[in-house]
Amino acid sequence: MAPGILDASHHACAESRPAKKIKLSSAANVQPDDADDVATAIPPHPLHVKPAGNAYTASENLKSRCGSFATLPDELLSLVLESFNADQLVRLGSTCRALYAFTRFDELWRALFVGSRPEDFVWRGTWRTTFLRIPQEHVTSISCKDLFSDVLYRPFQCAHTSLEPFTSNIPKQNAIQRLPDLTRDEYAEKWTDKPFILTSPVKEWPVYGKWTPQYLLEKYPDVKFRAEAVDWPMAKYMDYMSNSSDESSLYLFDRGFVEKTGITPGRDAVEPAYWSPDCFGEDLFSVLREHRPDCRWMIMGPKRSGSTFHKDPNATNAWNAVLTGSKYWLMFPSSPTLPPPPGVILSDDQSEITSPLSIAEYFLTFHSLARETPGCREGICYAGEILHVPSGWFHLVLNLEDGLALTQNFVPIKKLADVLGFLRDQRDQVSGFKDEVCDRAYELFVERLRENHPEILEEGLAELERKGKKGRGKWEELTKIGDEEEEGAGFSFGFGGDDDDADIP
Ligand SMILES: O=C(O)CCC(=O)C(=O)O
Ligand SMILES: [Fe+2]
C-alpha cells in the first residue's frame, strides 16, 4: 500500500517499512566512494517493481487495488502466500497486477519445487518456470511499475548489487596470511589457532587442473550430488549454475563425492586424487574409522553463492581447497567472552547461531562494521590454494566466480582437548555422526584413542582438566574440589555434566 494513500488506521504498517529503508540507505553509506556505481549498476526489476520509499512521491500504487490483501503489510502478505499451493498462486496472481507480482516472487516457487522434489524436470532459469514447466518462449511478463515493495525489490537488489567493493581493499591488519607451505612443527607450534592460506600443496594434487565443473559435467552428467535439500544430476546442477539469479543460490555441498566419483584420497593411495597437506599432521578422528563423522565435502556453486556465518562441527579444524574459481573469506575468532561477529546472534548458551541475512544483505548491512571489529580476518583464496579454518572460528564465504572446491574437517593433536570437551559437554550439538553412535561419541572417541594413542589421550584429558579449572569461577573452584577428590579416579572437569559451569568465564 502506498504510504501516500494509507488511511490513518494503516500507519502501523507504513511504519514497518523504514527499517528496510534504513538498510537500503546504509548500503550506500557502506562504501561512499562506490555508492554511485552500486546504485547505477542495478538493472530495473523485471516486473518494474520499485523500492517502497518511492511510494511517497507516487500518485498511484497498485497495492491499493488488491482488495482485502491491500490491508496486509507486504511481509505478512508474502508469509500468507507461503501457505498457498501452485494452483492457488497462479489463480490469485491472475486477479490483479499487485498480486501478480507478489505471486511471481521466485522464493515461493523454490519452496514449492523443493517440497515436491520432481524427479523429471528441465531447469528453465527460474523456479517458477521450472515448476510450472513453462518453456522459455512462453514466459510472459506484465509490467507492475506502480508497485512499491521492499519485500519484492530488496532480494532483487541484493542479487544484483556488486559485491566487489566489499571484497577488495582488505585492510592490512585484517589480511589472512599467505604462505607457500608449513612444516608439521610450525603448524603445531604457531598456526593451529590461526587462519592462513597455503599456496603450494594443492598445486601438487592430481585433481588440480583436471577437476573443473566442465570436467565433472562430462564425466558424471547423471550422477546425483546433494545441493542443500535436493539431489540433482550434475548436468541439471550445471544448467542451474549457468542460468539462475537467486539471491541465495542453491549450493552443491556433497559429502559422498569420493564414493560417487570413484576417486581415492590420501597420498599413499595407488592413484591418489588429493591428500591433506602434510603440515596438518594426523587427523585424530581417523581412529573412529567406520564411525567417524562426516568429514569431507565437494563444494560447487555459481558466482555470489557461498556460506553464511557458521562454525564448523564438533570443534574441528578444517581446510578448504579451491580447485577452480576464488573465494572471499570473512572470519572471526570466538570464545565465551567475545561477542559474536556483527549481525550474528547467539543463543544464551552460545549453542545456536542465527545468521538470518543472505550474504549480500549481510555485506550491505554489516560489512563495514565487521571490517572494523577487532579480530576480523579477511582474505581471498584463489584456485590452487588452501585455507585453514581454526577450530571454533566463525566464517562467512563468498564465491567470487563460479567455482569448485574440496573441504575436509580434522582434529589436530593440539586441539584434542577442545574436541573432547565439545563432545562431552555439548552433546546436543554433536553432529555428523551416525544416529547409533551420536549419543556416545565422546565415550567412543576416548575408547578408540586409548587403543591407538594412549599418551595423546592422556595429554588431551589433562589439558581439558586444566581448561576446566581455569574456566571456573572462584566459588566453584573452592566448592567443587572436594567433590572431585571424592570421585576418586574418575575425571571431573568442572564444566562437564554441569551445564551451569559452562558459562563461567
Ligand atoms: O566454500 C564454502 O562455501 C565454505 C565452506 C566451509 O564453510 C568450510 O569449508 O568450512
Ligand atoms: Fe565451514
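Predicted model: local features only at pLDDT ≥ 70, side-chain atom pairs only at ≥ 80, totals over all residues.
Local features need pLDDT of at least 70 and side-chain atom pairs count only at pLDDT 80 or more, while totals for chains, interfaces and linings use all residues. Residues are numbered from 1 along each chain as its sequence is written, and chains are lettered from A and ligands numbered from 1 in the order in which they are written.

**View 1. Strand β15 (residues 386-389) and its pairing partners.** Ile-386 and His-388 on one side of β15, and Leu-387 and Val-389 on the other, are all buried (20 or more other C-beta atoms within 10 Å of the residue's own, C-beta atoms being placed from the backbone). Strands are DSSP runs of E, at least two residues, and helices runs of H or I, at least four, numbered from the N terminus. Strand β2 (residues 196-198) runs antiparallel to β15, joined by 3 bridges, with Leu-198 partnering Ile-386. Strand β10 (residues 317-324) is also antiparallel to β15, over 4 bridges, and Trp-319 stands opposite His-388. Pairing requires at least two DSSP bridges between two strands.

**View 2. The residues around ligand 1.** Among them are Asp-312, Asn-320, Lys-327, Val-389 and His-395 (C-beta atom, placed from the backbone, within 6 Å of the ligand). Two or more residues each come from β9 (306-310), β10, β16 (394-399) and β17 (403-410).

**View 3. Packing of helix α16 (residues 416-425) against helix α18 (residues 441-452).** The angle is about 140° and the axes are 8 Å apart; axes are lines fitted to C-alpha atoms over the stretch in contact, and angles run from 0 to 180 degrees between N-to-C directions. Leu-420, Leu-423 and Arg-424 in α16 meet Ala-441, Tyr-442 and Phe-445 in α18 (C-beta atoms, placed from the backbone, within 7 Å).

Conventions. Buried ≥ 20, exposed ≤ 12 C-beta atoms within 10 Å, placed from the backbone. Contact = placed C-beta atoms within 7 Å.
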